[in-house]
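This report describes selected features of one protein chain.

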Amino acid sequence: MEEIHGSGMFSATFSSVLLLLLFGRAANAQKSLEFFDLLPEDPKLYDKMRPPKKDGQPTAVYFHVTVMGLDSIDENSMTYAADIFFAQTWKDNRLRLPENMTSEYRLLEVDWLKNMWRPDSFFKNAKSVTFQTMTIPNHYLWLYKDKSILYMVKLTLKLSCAMNFLIYPHDTQECKLQMESLSHTTDEMIFQWDPDVPLVVDENIELPQLQLVKNYTADCTQVYSTGNFTCLEVVFVLKRRLGYYLFHTYVPTCLIVIMSWVSFWIKPEAAPARVTLGVTSLLTLSTQHAKSQASLPPVSYLKAVDAFMSVCTVFVFMALMEYCLVNIVLGDSDAPAAKPAPPPPPPSSSTADSAKLDKIFDIAAKKSPAGPPPGPTPAQKARIRALNIDRFSRFFFPFLFTVLNVTYWIMFAEYI
């Protein structure tokens, strides 16, 4: 009986120990990861303000940017908007890996970044930055087995873009996305592009007036009075589409200039018609010029579209001045016509004989050979000169305007 009782107690004890081990493992498996599990055994050795330098070398932070959209390009304020995924990767050998980490990476709580060292990068040319929070905050934090940390965030940026409108609307602009270190010099930290995939730009990006023809990455490290601060940039090369300006600026302007030439076919005496046509064309062209400048900042230099519109304005003004010249030539001989001679008094009875003699002399004068025909009057000569000026203008104005147009488009053909 004692042997049976002893074996029963041993079995119960072994079962209890086994159950405790199983429950302990289950508890460890269900235990959530805490931030202090990543810190060294002595947390005081971890300084979140100091970058994790190895062998005295500056900490390398690798950047990756995915551009999902470019829009809201405003020439007046010289800004544009971009939707991006921004990834930073760095290695911190001071951290410990979780004991139960079996996968390639472990998802960490993003709030832990407040207690960890992280790159102090900021967007150098940003006017405003919007962090996406729907439906959840759009960022995450990964810890890899080699103690590399990846922080990815989705942002909407409003960025400044210095633009030059010297050859507008044939211009090509370069807009940049610059990322710089705020407080760490190149002795402590350097930014580098991801060696595998530094930049990804959505191929379906469409802009209404500009075309994204090229994009590339570059280094923009700059020297300040306090030291060298590492900087990386993405450059977007944007070429302006000419179609909108061709159909809304150039073609209507040329038609207005051609319309002003209609006055050359109107007779010189029709002063109201010719003056009204010239003034209307000039005012319409001025309105067209002001409309073409509405979306641009008031720059102090002459743009290509300004040169074209100014030449067209000069042509319309010269067409109006041409009629002034015609009117002057036509009006020099507009002297009042001579009054007709008064009719002779009726013949009296005492002069009957003299009247008969006058009739005889008149008949003799009609039978005598006629003299040379009288030449054109001064008024007719002036009108002929005015018509010749109009005839010359009908060919000179279109010819000169065509030459200037061909010259203009040949000059800017390389930018189209």
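Two strands are taken as paired if DSSP finds at least two bridges between them. The model discussed here is predicted.

**Strand pairing**

Strand β6 (residues 139-144) runs antiparallel to strand β3 (residues 105-108), and four bridges join the two. In this pairing, L108 stands opposite L141 of β6. Strand β6 is also joined to strand β7 (residues 148-160), by five bridges and again in an antiparallel arrangement. Here L143 faces I149 of β7. The hairpin formed by β6 and β7 has three residues between the strands, and K147 adopts a positive phi near 70°.

**Annotated spans and helix packing**

An unreviewed UniProt entry lists residues 245-266, 307-330 and 392-411 under "transmembrane region". In the model, residues 245-266 are 73% helix and 0% strand, with end C-alpha atoms 32 Å apart. Residues 392-411 are 100% helix and 0% strand, and their end C-alpha atoms lie 29 Å apart.

How do the axes of helix α4 and helix α6 cross? The axes of α4 (residues 304-331) and α6 (residues 378-411) come within 9 Å and cross at roughly 175°. Angles over 145 degrees count as roughly antiparallel, and α4 and α6 are therefore roughly antiparallel to each other. The residues of this contact comprise 20 nonpolar, two polar and four charged.

**Salt bridges**

Side chains of opposite charge can pair when their charged atoms come close. The whole structure contains ten salt bridges, including those in the table.

| Pair | Closest N to O distance |
|---|---|
| R240 and D171 | 2.7 Å |
| E233 and K176 | 4.0 Å |

In the salt bridge of R240 with D171, R240 belongs to strand β14 (residues 231-240) and D171 to the loop between β7 and β8 (172-181), so the pair ties together parts that are 69 residues apart in sequence. R240 is buried, with a relative accessible area of 5%. D171 counts as buried as well, at 1% relative accessibility.

E233 and K176 form a further salt bridge. This pair links distant parts of the chain, with E233 in strand β14 and K176 in strand β8, 57 residues apart. E233 is buried at a relative accessible area of 8%, whereas K176 is partly exposed at 31%.

Finally, salt bridges that share partners join E75, D171 and R240 into one network.

Methods
Residues are numbered from 1 along each chain as its sequence is written. This is a predicted model: local features need pLDDT of at least 70, side-chain atom pairs count only at pLDDT 80 or more; totals for chains, interfaces and linings use all residues. Side-chain values use heavy atoms; hydrogens and water are left out. UniProt positions are given in the numbering used here, feature names are shortened, and annotations may be inferred rather than shown by experiment. Axes are lines fitted to C-alpha atoms, for helices over the stretch in contact, and angles run from 0 to 180 degrees between N-to-C directions. Angles under 35 degrees count as roughly parallel, over 145 as roughly antiparallel, 65 to 115 as roughly perpendicular and the rest as oblique. Ala, Val, Leu, Ile, Met, Phe, Trp, Tyr, Cys and Pro count as nonpolar, Asp, Glu, Lys and Arg as charged, and the others, Gly among them, as polar. A salt bridge is a side-chain nitrogen of Lys or Arg within 4 Å of a carboxyl oxygen of Asp or Glu. Buried means under 20% relative accessible area, exposed over 50%, partly exposed in between (1.4 Å probe, protein chains only).
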